[in-house]
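Please read the points below with the model open beside you, and follow each one on the structure before going on to the next.

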Number of protein chains: 2
Amino acid sequence: MSFGDDVWGDRTSDGPPQPLFGSRWTPRPEHVRELDPATAGLPAGFRAAGVACGIKPSGNPDLGIVICDSDRPVSAARFTTTATPAAPVLLSQTHCRLDGLRAVLANSGCANAETGQRGMDDAAKTQGAAAIALGVQPEEVALGSTGGISWYLPVDAVLRGILDAAPRLRREGDVDFQQAIQTTDAFEKRACLEVQLPSGVVRLSGQCKGAGMISPNFATMLCFIQTDAALQPHTADLLLGVCVKRSFDRCSVDGQLSTNDTAILMCSGASEVSIQPESEDELRFGEALDSLLRTLGIMMVADGEGAQRIARVVVRGGHDEGVATVAREVANSPLVKTALHGADPNWGRLIQATGAALAGRDWWPTPLIMDLSIQGMLVCSASTPTDCDQDALAQAVQEREIEYEITLPGSGAETEMFFSDLGHEYIRINAEYTT
Amino acid sequence: MSFGDDVWGDRTSDGPPQPLFGSRWTPRPEHVRELDPATAGLPAGFRAAGVACGIKPSGNPDLGIVICDSDRPVSAARFTTTATPAAPVLLSQTHCRLDGLRAVLANSGCANAETGQRGMDDAAKTQGAAAIALGVQPEEVALGSTGGISWYLPVDAVLRGILDAAPRLRREGDVDFQQAIQTTDAFEKRACLEVQLPSGVVRLSGQCKGAGMISPNFATMLCFIQTDAALQPHTADLLLGVCVKRSFDRCSVDGQLSTNDTAILMCSGASEVSIQPESEDELRFGEALDSLLRTLGIMMVADGEGAQRIARVVVRGGHDEGVATVAREVANSPLVKTALHGADPNWGRLIQATGAALAGRDWWPTPLIMDLSIQGMLVCSASTPTDCDQDALAQAVQEREIEYEITLPGSGAETEMFFSDLGHEYIRINAEYTT
């Protein structure tokens, strides 16, 4: 089931251009066309597979491989900034050629985190086995794991899974791969784009996993992106870095940074469309990558554990760190999130979160003078309630996507955060699940 | 109903000394005796009253006054550090003689926050009216408000309430005063102590309000403390500052700093026991004040909206800011709090929260090497799982008070945080309550 199909209508229909994923927050660039993710397959030069190797007691798919068949693959990667990174993150960071990856080995059902030296040895064994099975070098295989922290990886199962998956690799394998990296996800997070560049047509596809930054005992978001465009390593790294900052870094389900977060972009060059630095191609390709990652990021928020509503908060003002701090505090506030859940127009909670975010800071004078709008209605002007129509406001917050805008003193800085609500289902998933 | 009576047994019975409030985290100093808060009344030199003046639509008590009858009262105060302080906080900070307060006027049902200049004018009117009714100067009357943010104070109702309350002021008025400052509190948070000092016997009493740092649409914790000891202003300020840091600053229900938090200590000197700086009296009095505020703080956590379990996390290591950051992140983590709620021994969530707290910091090398104990059982040593008895651990986390200990590299720094769990009742209170 695709979230777009189910909730926001058919996103691949003909007719006037639809925003990606049906969200007002992901307008579709004119030069980008969304392909049906059920049938599009991977861009040229990629194959994937997903199998059930027995990591998950349920017997569900839990091991996936993506391989790039190019002679000269180019890649870029970003990882969690946590101080307690999982073994697959550490190994990928320290033992991989991250700008020239040929393959990704990803598993669900076990995060291989907080597992000490044995966890590192286990990760290295699976990396080596994948390299042999795929005919590449170990340092060309990146690892991604998601699942329970503090559990050791069942290495024998993974090795069997690699042997099982290798002969199944195919261009349409992205569906199986996606299933193999899911944990508590309620729906698939995949998208396939066709991008018209001045120099030709290229494809972009992405598979993402995550129901919040971290799930019940199952850590992580993982995102794997493929393109048949030819990028130089520096360009791939630059574009991935910028787009991750504008997408996953701007999303919060529960504000919990994981031990395993990983995003990897791989470029096969099979389209023979080469993207030169500082070209119009680079600009347009960057826009498409940005749209893809924002779409996947918002999908992840919409699949936040138990989420029923999602929101965007936009914060403007005269201080970069100030607006970023306020946006994050609002997005992570359990009081704002429960009000969002209950469709409660109680905007005092945004004032409280803003004030708390800036406690002890001297970016603006205290008491802070601010404006606040909800769904485009100005409810607070110069820190004083307006006489806005309360009935209209109560009606406006019933929608599925809610937008808050906070204006702080000064100008020049602006940021946004996407976040989900906090409801009973989050509690049920996280409290009633027992290890 | 007293929480202590109901949940942790009779706390005023004879027999071996009981910890204050029945919690293992508030051992009772030998020189301190807890009096029955239902009958003890205020220390000599104080009177209080509480009335229903019509701020709350329910008709419940909503306005309280405490007055000190001493010729030379001494006081100290602490306020929220939010960047959006409420009008009563701003007025008390800028228009009060905080080291010589004679009275406190406190209301529930309206926070008078984010109300602009009109909110300041309203607060000043009530301060002036209270001064006239009580025969003191306006700058000798501090204000405390709790309730909905963004609502204007019904000044006429407050003025009527002041006239109603003034003739009712009496030494046993602390019960009525406590009721007048409550909002969503499930039980009263009061305590009365008798303190044996080298120079004589003094009394300490405190009334506290708060079910979390902030409640559904009702902001704030308020705490008012009275003693008949004679303190110099500098001593009162010093002791209040230290004890607030060790109590309320170490408590989190939902990590949400309020617009209205206020703590005020008033000293009548009526016992004629004078507490000299750097004396044994000062040390012993400080211990008693510390016990009182920690007791009230832990009561507040235990009354955290919907709380069923409370926890203490102790963090040790070689960096002050580092251990403080980790303790706060753990205490505020919705994943740790839902695990606490579900009696789930899933300790990977504490590893995740610790790693997230230290992301981007260089206080310790990454990957972080840490130990973790739960209820005294070592579950993780040098960032590797131990072979601790899983059944015994699962049993140990069923208790009502859970203790976590995190050991980071180095030594010399140690802190603690008290926090409540996160369960369905928090969601019900905060999401299903509609303004």
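1. Two residues are taken to be in contact if their C-beta atoms, placed from the backbone, lie within 7 Å. Keep this cut-off in mind for what follows, and remember throughout that the model is predicted.

2. Begin with helix α3 of chain B, which runs over residues 116-134. The buried residues of α3(B) are B:Gly119, B:Asp122, B:Ala123, B:Thr126, B:Gln127, B:Ala129, B:Ala130, B:Ala133 and B:Leu134. Seen down the axis of the helix, these buried residues fall within an arc of 165°, so they line one face of α3(B). Among the elements that cover them are the strands β3 (63-68), β5 (103-108) and β6 (141-146), together with the helices α2 (87-95) and α4 (155-165), of chain B. Just after α3(B) comes B:Gly135, whose phi is positive, at about 70°.

3. Chain B also holds an open sheet of seven strands with mixed pairing, in the order β11-β19-β14-β18-β15-β16-β17. Its edge strands are β11 and β17 of chain B, each of which pairs on one side only. At one end of this order, β11 (residues 251-252) and β19 (residues 413-420) of chain B pair in the parallel sense over two bridges, and B:Cys251 has B:Phe418 as its bridge partner in β19(B). On the other hand, β14 (residues 310-317) of chain B pairs with β19(B) in the antiparallel sense over eight bridges, with B:Arg316 opposite B:Glu414. Further along, β15 (residues 371-374) and β16 (residues 377-381) of chain B are antiparallel and share three bridges, and there B:Ile374 stands opposite B:Met377.

4. How many residues of chain B are in contact with chain A? There are 58 of them, and they meet 57 residues of chain A. Two or more residues on the chain B side come from each of α9 (334-341), α10 (348-357), β17 (384-385) and α12 (424-432) of chain B, and α10(B) gives the most, with six residues. By class, this side of chain B has 25 nonpolar, 29 polar and four charged residues.

5. The domain assignment divides chain A into domain 1 (3-302) and domain 2 (310-432), and the centres of these two domains of chain A, taken over C-alpha atoms, are separated by 31 Å. Their contact takes 14 residues from domain 1 and twelve residues from domain 2 of chain A. On the domain 1 side, β11 (251-252) and α7 (280-302) of chain A each supply at least two residues, with the largest share, four residues, coming from α7(A). That side of domain 1 of chain A divides into seven nonpolar, five polar and two charged residues.

6. Finally, some backbone details deserve a look. The peptide bond from A:Thr366 to A:Pro367 is cis, with omega near 0°, and A:Pro367 sits in the loop between α10 (348-357) and β15 (371-374) of chain A. In chain B, a cis peptide bond joins B:Thr366 and B:Pro367. A:Glu114 has a positive phi, near 55°, although the residue is not glycine, and A:Glu114 counts as buried because 29 C-beta neighbours lie inside 10 Å. A:Glu272 has a positive phi as well, near 65°, but A:Glu272 is exposed, with 12 other C-beta atoms within 10 Å.

Technical notes:
Residues numbered from 1 in each chain as written. Chains lettered and ligands numbered in written order. Predicted model: local features only at pLDDT ≥ 70, side-chain atom pairs only at ≥ 80, totals over all residues. Pairing = 2+ DSSP bridges. Nonpolar A, V, L, I, M, F, W, Y, C, P; charged D, E, K, R; others polar. Domains from an automatic or database assignment. Expected span 1.5 Å × (residues − 1). Buried ≥ 20, exposed ≤ 12 C-beta atoms within 10 Å, placed from the backbone. Arc of directions from axis to C-beta.
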